[in-house]
Amino acid sequence: MSADDSELRELRSSVRQFLEARSPEEAVRKLMESEPRFDLDVWAQAADQLRLPSLVIPEEYGGDGFGPVELGVVLEEMGRALLCSPFFSTVVLAAQALLASGDKGACARHLPGIAAGRTTAALAVAEDGGSWDPALISARAVPDGDGGWRLNGRKSFVIDGTTADLVLVVARTVAGPSLFAVERTSAGVAAEAMETLDATRAMARLTFDTVPAALVGADGAGGRVMARVLDIATVGLAAEQAGGARRCLEMSADYARTRHQFGRPIGSFQAVKHKCADMLVQVELAEAASREAARSAAEGTPDFPVAAAVAHACCSRAYMFAAMENIQVHGGIGFTWEHPAHLYFRRAKSSQLLFGGPAVYHERLLDRLGI
């Protein structure tokens, strides 16, 4: 299922109105210091009123069956508002991992709850080094002799890891990296909140001590699953980054129009004009790259992995640039805790590093190009 242009505009308008009402800056700042790091009532309303968790879940599992283009619209608006919610971890990471595994039984068990907003989920891949490369995973799973598995190891930088109901863990077996489903409340699971640069995106360190786990998909297929998930997730992250970058541009342009110095708006000075113009170029390029990658994903074109890698690199650069220039345009007030500019800078930097950082995503682009 796909929406036409008018439906996409209506979707964007509805999500923006909802987030402006339920996730203003004051609410974001309050949630940054709360546990859980999201508002349960807002999440319930997003599920019941807007059906956001069900957006890209196939209809056979209780979802609405939309695709990456519609998901991109929603993520742009969430990035613009710095929404604190388990949407990215649950819908963009965990749900896509389940679908990529091809395990219909696991999908039937978990996706209906995700679509209804009753189940939140997390994907645990990176370990202490922060790499999402399945070849570097040291967590291990062994058969328990009764048809199940036992999981041991530690995962770091797990988005929403302290609050997720379901945790999908990539661990090594004799056959290679594999995907496992674990209930976070199972005996042997310890979750510890991590203090990171970006307090608007909760992360955790999870420790597994002989934890019962269920294999998802084929044994040893974790590398293939993660390659697909990373392509989808980086496109989703790119949309979120593009939305945040656009908001930084809007903040700068508004301030440049209203802040007066030497008897005139600072936006009339050439140096400030150049900053805003350079931001506009980066933002427009980021939006074009992320939307093209989403379109490529929706159509299943052969060059989708390349488009995903390009969007990841382009949007990471654009968001960092826009967030830094936003602080510069605002001058002294832009450096203060009271102004939201630093919140966008923190999100820009954490997003840039989320799947490995510039060196990793540039290498991924070269790999997708066959170089």
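Helix 3 (40-48) contributes the most to the lining of the second largest cavity, supplying three residues, and together with helix 1 (5-22) it is one of the helices that each give at least two residues to this lining. Helices here are DSSP runs of H or I with at least four residues, numbered from the N terminus. The model is a predicted one, in which local features need pLDDT of at least 70 and side-chain atom pairs count only at pLDDT 80 or more, while totals for chains, interfaces and linings use all residues. Residues are numbered from 1 along each chain as its sequence is written, and side-chain values use heavy atoms, with hydrogens and water left out.

Rolling a probe the size of a water molecule over the atoms shows where empty space is left. A cavity is a set of points, on a 1 Å grid over the protein atoms alone, where a 1.4 Å probe fits but cannot get out, and its lining residues have an atom within 4 Å of a point. Grid points are joined across faces, edges and corners, and a volume is the space filled by probe spheres set on the points. On this basis, the structure holds three cavities of 30 Å³ or more.

The largest cavity contains about 140 Å³ of space. Among the 15 residues that line the largest cavity, those closest to its centre are Leu83, Ser85, Phe88, Arg201 and Arg347. Its lining divides into eight nonpolar, two polar and five charged residues, and helix 4 (68-81) and helix 5 (87-101) each supply at least two of the lining residues.

Helix 4 has 14 residues and reaches 20 Å from its first C-alpha to its last, close to the 20 Å expected at 1.5 Å a residue, the expected span being 1.5 Å times one less than the number of residues. Because 12 of these 14 residues are buried, helix 4 is largely enclosed by the rest of the structure; buried means under 20% relative accessible area with a 1.4 Å probe and protein chains only. The buried residues of helix 4 include Glu70, Val73, Met78 and Arg80, and the helix is followed by leucine 82, whose phi is positive, near 55°.

Technical notes: 1 Å grid on protein atoms, 1.4 Å probe; cavity = no way out; pocket = protein on both sides within 12 Å on 5 of 7 lines; lining within 4 Å. Nonpolar A, V, L, I, M, F, W, Y, C, P; charged D, E, K, R; others polar. Buried < 20%, exposed > 50% of the residue type's maximum accessible area, 1.4 Å probe, protein only.
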